[in-house]
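Dear colleague,

My notes on it come after the files.

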Amino acid sequence: MNLPVAEMVPADGKWFAGTGPLQDAILSTRVRLARNLRGHRFPPKALPEESNRILQRAAGCLRQVPEFERATFHAMEELSTLERQFLLERHLISHDLARDGRHRGLIFSADESVGVMVNEEDHLRIQALAPGFQLDQCFTAATRIDDRLEGDLEYAFSEDLGYLTACPTNVGTGMRASVLIHLPALVLTRRIKKVLTGVNQVGLAVRGFYGEGTDVLGNFFQISNQLTLGEKESQTLLSLERVIHQVLEYEEKAREVLLKDAGDQIRDKVVRALGVLTHAYLLSSEEVIGLASAVRLGVTLGMPGLPDARTLHALLLYSQPGHLQIAAGAEMTSRERNAMRARWIQERLAPPR
Amino acid sequence: MKCQICSQAEAIVHIKEVRDDRVNELHLCEKCAREKGFHSMLDQGKASLANQFIWMAENLYPDATAKVGHIQCATCGLTYSDFVQSGRLGCPDCYTHFGPQLKQILRRVHGSVRHVGRAPGKDGEVFERRQKAQRLHEELERAVEREEYERAAVLRDQIRLLEESAAGSPPLSPPPERVDERACGDAGGDA
């Protein structure tokens, strides 16, 4: 193992162990900035030696960033597929970086709230994560690293088009701000489609649990800005914030409708989900996402005797395949994982004696 | 290619891992990939923004693409049709070499072709200085029109300071000749 797993596995002191505004509905917020170095090909077209030079150069500069003072720069090539899967589940790397580690690198702070991927689609992908709804905090954290790096590295920037990126959908601010939001009542009342269509129409994108192109699991949605050109970062963040508040209002109304029209069925669904989580012998990770989603709904409806939103978030994170295998220190079959997952969740949700 | 584990189904997940200078390749079918825990890698990739972008480039302007497909970026050698196929540009200069084509698409995707957000420190300062100089020049013109020559002199000094501080940076646009003359000549006069 090249990753400091002993430090990484426990949640203590990590951003996701904290609490954030509106955390009953919003799991986490992320802001990422795409940056490239002047005078170099973008990573998808760069030659191996050029990519390696950039990797070395970026590693040197990133080590000077105060946020990464005690951090290790990981060459992705040196990490196993399991370690990469773990980082992917931790939202620290993209699918692309998990799949192909050549000439690519990663550095992240001890609390995992800020990190930089090197030679992903762009030379640098700076990202900041926070629990709950914290767009401004994430933006500030990401720009602090950006400011520091631009002192050492010359960015590819044009006055007309802003920060130049490999994909023209990111050109301009290079910023993607996204919010992982839980909308069970809108799904159950079948209003979600209408709401999400509206979200799309105002220039925002909706994706699944794992980001771009992924399925929606457990009523968790990622809502993010699409536009990066012609709008200041502050405006982009503000319109995203407004839309999120609007969506939360719709979710709130849908909850009221649910309680009024089908209160008993909903409460039944919630406690049954908790029953399965605490008593099953085998649980797949997709099943856990669905069950945790139902229990979360109960939490937001104020039902007593349920684990809190934070515990449920941790459960979602730790019951993923990479996390289980890293914690076990061994590769496991899907059946073995399902058994371990069920045991682990039982322990985690057991009432204190 | 068949799956390396079951040797039956077609491999759809391809993973490269480099260890100690040795490249290990894994080619798995969907079932075995899920079994190994790579399902999150499977569930992605179809409706990405980049793909939408390529779709637009190909479908909205098919004639345009056919006509300009051979255009090449002089810096990295990428052709416009390479770009349309991959959705990724080769280097920062592609934005210049494919300028007119990209602008059409950027306008459709972003509704704009002009960046207004953050800028790197050095360029950001240039931005700011330019904006400030523009403001000062406008104020100077107004001051001269109103025959406020004392104010005009102060403004002229401010512009000069700004230009001196910009030494080594791209030059700022020079103040209009007539304003300069009158303002200088009459500075301190009884306006």
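What follows is a summary of what I found, beginning with the overall picture and then moving to individual elements and residues.

Please bear in mind throughout that this is a predicted model.

Overall picture of chain A

Chain A contains twelve helices and ten strands. Its C-alpha atoms occupy a box of roughly 65 × 45 × 30 Å along the principal axes, and its radius of gyration is 21 Å, which agrees with the value near 20 Å that a compact globule of 353 residues would have. Of those 353 residues, 62% count as buried.

The sheet

Eight strands of chain A make up an open, antiparallel sheet, in the order E2-E3-E4-E5-E1-E8-E10-E9. Strand E2 (74-75) and strand E9 (204-207) of chain A stand at the edges, and because each has a single partner strand, one side of each is left without a neighbour in the sheet.

Within this sheet, strand E1 (residues 26-35) and strand E8 (residues 175-182) of chain A are joined by seven bridges in the antiparallel sense, and Arg30(A) has Ser178(A) of E8(A) as its bridge partner. E8(A) is in turn connected to E10(A) by five bridges, again antiparallel, with Ile181(A) partnered by Phe221(A) in E10(A). E10(A) also pairs with E9(A), through four antiparallel bridges, and there Ser224(A) of E10(A) has Ala205(A) opposite.

Strand E10 (residues 220-225) of chain A deserves a separate word, since six of its six residues are buried and the strand is therefore largely enclosed by the rest of the structure. In a regular strand the side chains alternate between the two faces of the sheet. Both faces of E10(A) are covered, with Phe220(A), Gln222(A) and Ser224(A) buried on one side and Phe221(A), Ile223(A) and Asn225(A) buried on the other.

Aromatic rings and charges

Over all chains, the count of aromatic pairs comes to six. One of them is formed by Tyr80(B) and Phe83(B), whose rings are tilted, at 5.6 Å centre to centre with 50° between the planes. These two residues are separated by about one helical turn because they are three residues apart in helix H5 (residues 80-86) of chain B. An α-helix has 3.6 residues a turn, so residues three or four places apart point the same way. Tyr80(B) is buried, at a relative accessible area of 3%, and Phe83(B) counts as buried as well, at 1%.

In chain A, ring pairs link Tyr155(A), Phe157(A) and Tyr163(A) into a cluster. The ring of Tyr163(A) also has the charged end of Arg35(A) sitting over it, 3.4 Å from its centre. Elsewhere, Arg348(A) lies over the face of Tyr318(A), at 5.7 Å from the ring centre.

Backbone angles to check

Two further residues have a positive phi although neither is a glycine: Asn119(A), at about 60°, and Ser7(B), at about 55°. Asn119(A) is located in the loop between strand E4 (114-118) and strand E5 (124-131) of chain A, whereas Ser7(B) belongs to the segment before strand E1 (13-19) of chain B. Are these two residues buried or exposed? Asn119(A) is buried, with a relative accessible area of 3%, while Ser7(B) is partly exposed, with a relative accessible area of 49%.

With best regards

Methods:
Residues numbered from 1 in each chain as written. Chains lettered and ligands numbered in written order. Predicted model: local features only at pLDDT ≥ 70, side-chain atom pairs only at ≥ 80, totals over all residues. Heavy atoms only, no water. Phe/Tyr/Trp six-rings, centres within 6.5 Å; stacked < 30°, edge-to-face > 60°. Buried < 20%, exposed > 50% of the residue type's maximum accessible area, 1.4 Å probe, protein only. Lys NZ or Arg CZ within 6 Å of the ring centre and 35° of its normal. Pairing = 2+ DSSP bridges. Rg over C-alpha atoms; globule rule 2.2 N^0.38 Å.
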